[in-house]
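Please work through the exercises below with the sequence and the model side by side, and try each task before reading its solution.

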Amino acid sequence: MKQKEKNMVIVSLLVLTLIMIVGYSAFNANLKIRGVARVSTRWNVMITQIDVNKAETTGEGVSKATTLGESGLSAVFESSLTSPGDTVTYDVTIENKGEIEAKLDDMILEQKNIGTGVPGEKLTPEQIASNPIVYSYKGIEKDDVLPVSEQKTFQVVVQYNPNAHNQPLPEQMKSSLVMTLSYVQNVKG
Amino acid sequence: MKQNKTLLIDGLLVIVLLMVVGYAAFATQLNINGTATITSNWDVHISSIDVDPEGTVGTATNDDGVTKVNEEDSLTANFGTNLLSPGDSITYKITVVNEGTLPAKLEKITFDQKNTGGDEPSENLTQEQLLTNPIVYTYSDIQENDVLPPTIGTVTFKVTVTYNNAIQTQPTAQQLKSNLTMTLQYVENKS
């Protein structure tokens, strides 16, 4: 076979191979779906203030300290009571600093006597009624709605039970309260 | 004798001539010429992406400026979503068509999600991380080995983006934005 014809055969084979390569490559398609989602709202319900309400503090009840937690998720107070009937009232303010309306979904109060340094069992409502130290609250209830940018101030009252006639037991000399407010997004409808 | 020699020479010459001609004739070159033409057309692409009107929950909104099929090659579709409250979700309907002449098969689906808010994007989120991630992507109505017949093959599937209803605290900066890359690898169906 002459060189010229050989060259033609080689070129033809090369062209055919190239067509086959192109054809194989085109039969494999990758489709891409790309999504971007953003959360554009903030949830931020917090305690902004806790103060003694001097007007409603009675007898020799004294507030020794109030502390607001750094993240605004907790507040602490410490009171001193002298005689039956003494009260100390605290104004606690909650603010919705986020962008979503909130609702008070649940409220739990847990009181324990800790006079001996070892916490007792959680007091039942019946036990609380006769306990020397009694905690109560007012101005807030379950399902209260807290709209965006609004505040809610309620009161926590600690009282030396006016019905106490005897010296309290050692464990009753000191009593702790943990009040938990569970706020959730207020879903309407 | 002289005449015979002449005849012999002539005869030999003829024979040689015949042999030359014959040899020349036996060396004729045969040519086979062929032409190959590709008559098929491979064309699998995304034809549309739209919000499913029945798939929007809560206050989620679609970013119209982002949600569309890439006009240049139709191999990519993008969407953008804004979520406000836990429980919000939007569902997108995406249509893939086979307008070629070869049957296609969905060989592989990859579904990668990363949190991209803040300064540093995350790695691809694991299944465990997705359970508690504020933004969650899911898909439905499509699976590997689905076949798209030639010319008329169409599949519409859904991608849903949800603000996780189990979230109770404000997401971190990184979690405030999350990206999805879903890849559908189609190949020729030869079965």
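A salt bridge is a side-chain nitrogen of Lys or Arg within 4 Å of a carboxyl oxygen of Asp or Glu. This is a predicted model, in which local features need pLDDT of at least 70 and side-chain atom pairs count only at pLDDT 80 or more, while totals for chains, interfaces and linings use all residues. Residues are numbered from 1 along each chain as its sequence is written, chains are lettered from A and ligands numbered from 1 in the order in which they are written, and side-chain values use heavy atoms, with hydrogens and water left out.

**Exercise 1. Describe the interface between chain A and chain B.**

Begin with the contacts, where contact means heavy atoms within 4.5 Å: 25 residues of chain A touch 43 residues of chain B. Next take the buried area, which is the accessible area (1.4 Å probe) that two parts lose on being put together, summed over both; for these two chains it is about 3,200 Å², with 52% of it on carbon and sulfur atoms. On the chain A side, Phe27(A), Leu31(A) and Ile33(A) lose the most area to chain B, and together they account for 26% of what that side buries.

Then turn to the charged pairs: the count of salt bridges between chain A and chain B is zero.

**Exercise 2. Find which element of chain A gives the largest share of the side that touches chain B, and show how it pairs.**

Helices (H or I, at least four residues) and strands (E, at least two) are DSSP runs, numbered from the N terminus. With 12 residues, β1(A) supplies the largest share of the side of chain A that touches chain B. Two strands pair if DSSP finds at least two bridges between them, and β1(A) runs parallel to strand β4 (residues 76-83) of chain B over eight bridges. Within this pairing of chains, Gly35(A) stands opposite Phe79(B) in β4(B).

**Exercise 3. Classify the ring pair of Phe77(A) and Tyr90(A).**

Rings of Phe, Tyr and Trp (its six-membered ring) pair if their centres lie within 6.5 Å, and planes under 30 degrees apart count as stacked, over 60 as edge-to-face and the rest as tilted. This rule gives five aromatic pairs over all chains. The centres of Phe77(A) and Tyr90(A) are 4.3 Å apart and the planes are at 25°, so this pair is stacked. Because Phe77(A) lies in strand β4 (residues 75-80) of chain A and Tyr90(A) in strand β5 (residues 87-96) of chain A, the pair ties together parts that are 13 residues apart in sequence.

**Exercise 4. Locate a salt bridge that links distant parts of chain A.**

Over all chains the count is seven salt bridges. In one of these, Glu56(A) pairs with Lys138(A), the closest N and O atoms being 3.2 Å apart. Glu56(A) sits in the loop between β2 (45-52) and β3 (62-68) of chain A, and Lys138(A) in strand β7 (residues 133-138) of chain A, 82 residues apart.

**Exercise 5. Examine two backbone angles in chain B.**

Most residues other than glycine have a negative phi. Asp141(B), however, has a positive phi near 70°, and its place is the loop between β7 (135-140) and β8 (147-148) of chain B. Thr151(B), which is not a glycine, has a positive phi of about 70°, and Thr151(B) is found in the loop between β8 and β9 (153-163) of chain B.
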